[in-house]
Amino acid sequence: MAQRQARTGDFGLEGVRVALDRRVHVEFCQLSVESDPETIGVDRDDAFAGQQAGLCGPAVPGALWLATGLHTGYVGFRVEVHDEEPPLDPGWDEAVEVPFHPRSPSTVLAEAGGVTYWELGLPETGYRVRYCARGMDEGHDRDTLLEGEPSVDHYLLQFWPAPPAPGRVVRQSTGRQAAYWHAYVRGLPPPLTPEERAEAERLAPEVHARAVQQARLARAAGPEGPDLSAAALRAVIHVRPAP
């Protein structure tokens with residue numbers, strides 16, 4: 001992750017370490033937590049595969065996909081690291097909890113695209129994560145905020161050491177956006193089995209080659225459709241005729 005632009009947080013309240021407390025920029029209603037140095041960016045449906053709670057997707061190992069109400073602009077965001085489970089503040093409208101285990105010594109909160117990120121300083125151990133939200137509907141209705149405009153939706157991400165346990169909805173208001181995310185993830189297909197994933201990885205080069213060939217054929221198409229003569233096909237897919 002060295003190629004990204006690092007930012008640091010503020011630290012040190014008694015009983016809790018505040019890793020981040022500031023406005024952060026979101027795009028496409030998302031942020032992410034990432035700890036795998038081989039991967040930048042988290043696919044939404046992969047992150048929520050097999051989950052029952054929306055807002056925070058933990059299904060990709062070492063990563064979390066975080067939903068926001070605002071589509072583009074600045075939201076209030078705070079990250080806390082606790083020694084033990086903290087009480088749930090009544091000031092938050094929505095809250096979910098999920099398991100998380102970093103895959104490297106560097107765990108970051110990353111803006112969309114991963115160019116700007118903040119180190120969270122998490123040791124490589126198992127955590128329970130609580131993601132809280134306030135003002136998601138207002139953020140969604142506003143859609144876009146410029147840098148100088150006050151944030152309308154706010155988020156809190158809390159970590160504390162804990163063994164793995166399934167994700168759950170801790171608090172749900174009557175808000176439209178949270179309800180949408182919970183319903184969306186429950187409608188996703190189940191995650192791939194290890195055998196299915198291995199087969200998908202085995203087929204990936206073949207699928208890519210087929211897509212490239214189809215794209216070349218499409219580029220060869222004239223105004224009345226593709227030229228499907230043997231010579232044209234050989235030219236498109238770079239096959240030489242037999243001697």
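Let's start with a term: a residue is called buried when its relative accessible area is under 20%, exposed when it is over 50%, and partly exposed in between, using a 1.4 Å probe and protein chains only. By that rule Pro 164 counts as exposed, because its relative accessibility is 74%.

What you have above is a predicted model, where local features need pLDDT of at least 70, side-chain atom pairs count only at pLDDT 80 or more, and totals for chains, interfaces and linings use all residues. Residues are numbered from 1 along each chain as its sequence is written, and side-chain values use heavy atoms, with hydrogens and water left out.

**The core.** A nonpolar core is a set of buried Ala, Val, Leu, Ile, Met, Phe, Trp, Tyr and Cys residues joined through side-chain atoms within 4.5 Å. The largest one here has 42 residues, and those touching the most other members include Leu 66, Phe 77, Leu 109 and Leu 157. Strand β5 (residues 63-67) supplies the largest share of this core, five residues. (Strands are DSSP runs of E, at least two residues; helices are runs of H or I, at least four; both are numbered from the N terminus.) Now look at Leu 109: leaving aside neighbours within four places in sequence, its contacts (heavy atoms within 4.5 Å) include Leu 66, Phe 77 and Trp 118.

Strand β6 (residues 73-82) is largely enclosed by the rest of the structure, because nine of its 10 residues are buried. Here are its pairings (two strands pair if DSSP finds at least two bridges between them):

| Partner of β6 | Sense | Bridges |
|---|---|---|
| β2 (residues 16-26) | antiparallel | 10 bridges |
| β11 (residues 154-161) | parallel | six bridges |

Arg 22 sits opposite Phe 77 of β6, while Val 79 faces Leu 157 in β11.

Which residues of helix α3 (residues 176-186) are buried? They are Gln 177, Ala 178, Trp 181, His 182 and Val 185. Seen down the axis of α3, these fall within an arc of 135° (taken from the directions from the helix axis to the C-beta atoms), so they line one face of the helix. They pack against α1, β5, β7, α2 and β12.

Asp 137 belongs to helix α2 and counts as buried, at 15% relative accessibility. A polar atom of the Asp 137 side chain lies 2.9 Å from the backbone nitrogen of Gln 177.

**Back to Pro 164.** This residue is in the loop between β11 and β12. Its C-alpha atom is 8.3 Å from that of Val 98, although the two are 66 residues apart along the chain.

Notes. A polar contact is a pair of N or O atoms within 3.5 Å; within protein, one must be able to donate a hydrogen and the other to accept it, and residues adjacent in sequence count only if both atoms are side-chain atoms.
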